[in-house]
Amino acid sequence: MMSTQINSTAEQVKAYCTRIGKDPLLVQGAGGNVSWKDGSILWVKASGTWLADAEQKDIFVPIDLPHLLKALDDGDFSVEPRLCRESLLRPSIETLLHALMPSRVVVHLHAIEVLAHLVRDNFQADFESLLDESTPWAVVDYYKPGSALAAEISATLTQKPTTKVIFLRNHGVVIGGADVAEADQIICKLTLALSTRPADICPPSHLMFLPPANLIDQYAPVADLDIHQLALTPDLFNRVNSDWALYPDHVVFLGPRAYVYQTWEAFNDQKIFLIELPELVFVKGKGVYAKSSFNKAKQVQLRCYFDVIVRQKPHSSMRVLTDIQIAELLNWDAEQYRMNLAK
Ligand SMILES: [Zn+2]
């Protein structure tokens with residue numbers, strides 16, 4: 001009886017992860033994570049794995065939940081989650097927030113329709129009018145994922161224990177449900193309430209411009225044609241320039257700054273000052289170009305950025321991460337580990 005129940009929750013979660021993992025408006029590559037609690041075990045997604053692979057690969061690791069909760073209760077937010085059995089995989093860097101949420105099923109996503117709000121200066125005023133309290137929600141300011149963010153989430157849950165949805169500024173959302181169906185229902189409700197019509201874009205009418213002859217061995221136009229609008233549409237090009245570092249995965253996968261040029265000539269003039277050629281360049285009126293090392297994990301992050309940016313009004317004010325917040329993200333060993341796993 002017991003084991004049937006265990007199997008069925010595990011199977012439901014995995015089927016759900018496979019489904020949302022294929023929706024780029026909900027999950028981008030290795031981003032986002034899901035967990036379920038089964039007695040004294042917290043099953044949580046392993047670092048660097050993709051939710052889309054949930055039914056094909058082992059992507060969940062079992063964590064000793066009482067050990068973790070005891071440490072968190074004592075205020076130890078730098079506790080290392082303890083695995084219940086040996087594994088080559090490491091638990092997600094966001095494991096602590098899954099333990100802190102009391103719900104049985106916890107889903108953490110960087111869902112586009114939500115994220116597009118969370119990077120705006122004034123999103124809280126919009127949330128007050130767009131969301132009701134039928135699903136109790138709270139907002140947490142930006143903190144580096146890991147112990148700092150966990151401490152803040154813990155404080156929020158102490159203040160408002162009924163919270164089912166926690167919005168993380170410049171990051172994403174955490175949802176708690178009694179089961180997969182409830183978590184899914186909350187996500188559907190949120191994405192509908194917060195959905196923004198993207199700016200009208202039309203794919204380039206001409207074949208993409210190739211790079212100049214001296215760079216043709218280095219760079220190719222990115223394959224996702226929509227993304228070239230980031231260089232072809234003036235408002236979007238200005239955003240790339242001014243509002244690049246918006247949330248952690250973007251910085252970790254695509255770097256702390258954008259390489260933005262008015263012309264290929266300007267790029268040629270400036271490249272001598274660079275230690276190595278940037279992996280991704282934006283050339284105004286021409287397109288977006290990448291080296292062959294620009295892998296799938298990076299491509300989906302770039303698409304994520306595009307999807308967030310086309311949901312902004314031309315003059316709306318956005319909040320970018322500070323240089324200190326960016327440095328914190330890039331010097332982080334756990335993230336480097338995740339990058340190495342990302343293919
Ligand atoms: Zn996250």
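Predicted model: local features only at pLDDT ≥ 70, side-chain atom pairs only at ≥ 80, totals over all residues.
Mentor: Glu94 sits in the loop between helix 2 (65-73) and helix 3, and His108 in strand 4 (residues 105-109), so the pair ties together parts that are 14 residues apart in sequence.

Trainee: What makes Glu94, His108, His110 and His171 donors of the zinc ion?

Mentor: The cut-off for a donor atom here is 2.8 Å from the metal. Glu94 (OE), His108 (NE2), His110 (NE2) and His171 (NE2) lie 2.1 to 2.3 Å from the zinc ion, so they count as its protein donors.

Trainee: Why do Glu94 and His108 count as buried?

Mentor: Buried means under 20% relative accessible area. Glu94 has 7% and His108 has 0%, so both qualify.

Trainee: How do you know which side of helix 2 its buried residues are on?

Mentor: Those residues are Leu65, Leu68, Ala71 and Leu72. They cover an arc of only 135° around the axis, so they are on the same side of helix 2. Lys70 and Asp73, on the other side, are exposed. The buried residues pack against strand 1 (33-38), strand 2 (41-45), strand 3 (60-64) and helix 3.

Trainee: What makes Asp64 a cap of helix 2?

Mentor: A side-chain oxygen of Asp64 lies 3.1 Å from the backbone nitrogen of His67. The limit for a polar contact is 3.5 Å, so the pair passes, and Asp64 caps the N-terminal end of helix 2. After helix 2 comes Gly75, with a positive phi near 80°.

Trainee: What span is expected of helix 6 (residues 147-159), and what does the model give?

Mentor: Helix 6 has 13 residues, and 18 Å is expected at 1.5 Å a residue. From first C-alpha to last, helix 6 reaches 19 Å, which is close to that value.

Trainee: Which residues of helix 6 are buried, and how do you know that they line one face?

Mentor: Leu149, Ala150, Ile153, Ser154, Thr156 and Leu157 are buried. Seen down the axis of helix 6, they fall within an arc of 165°, so they line one face of the helix. Thr158 and Gln159 are exposed on the other side. Helix 3 (95-100), strand 5 (137-140) and strand 6 (165-168) are what the buried residues of helix 6 pack against.

Methods: Residues numbered from 1 in each chain as written. Heavy atoms only, no water. Helix = DSSP H or I, 4+ residues; strand = E, 2+ residues; numbered from the N terminus. Expected span 1.5 Å × (residues − 1). Buried < 20%, exposed > 50% of the residue type's maximum accessible area, 1.4 Å probe, protein only. Arc of directions from axis to C-beta. Contact = heavy atoms within 4.5 Å. Donors = N, O, S within 2.8 Å, 3.2 Å for Na, K, Ca; no water. Polar contact = N/O pair within 3.5 Å; in protein donor to acceptor, adjacent residues only side chain to side chain.
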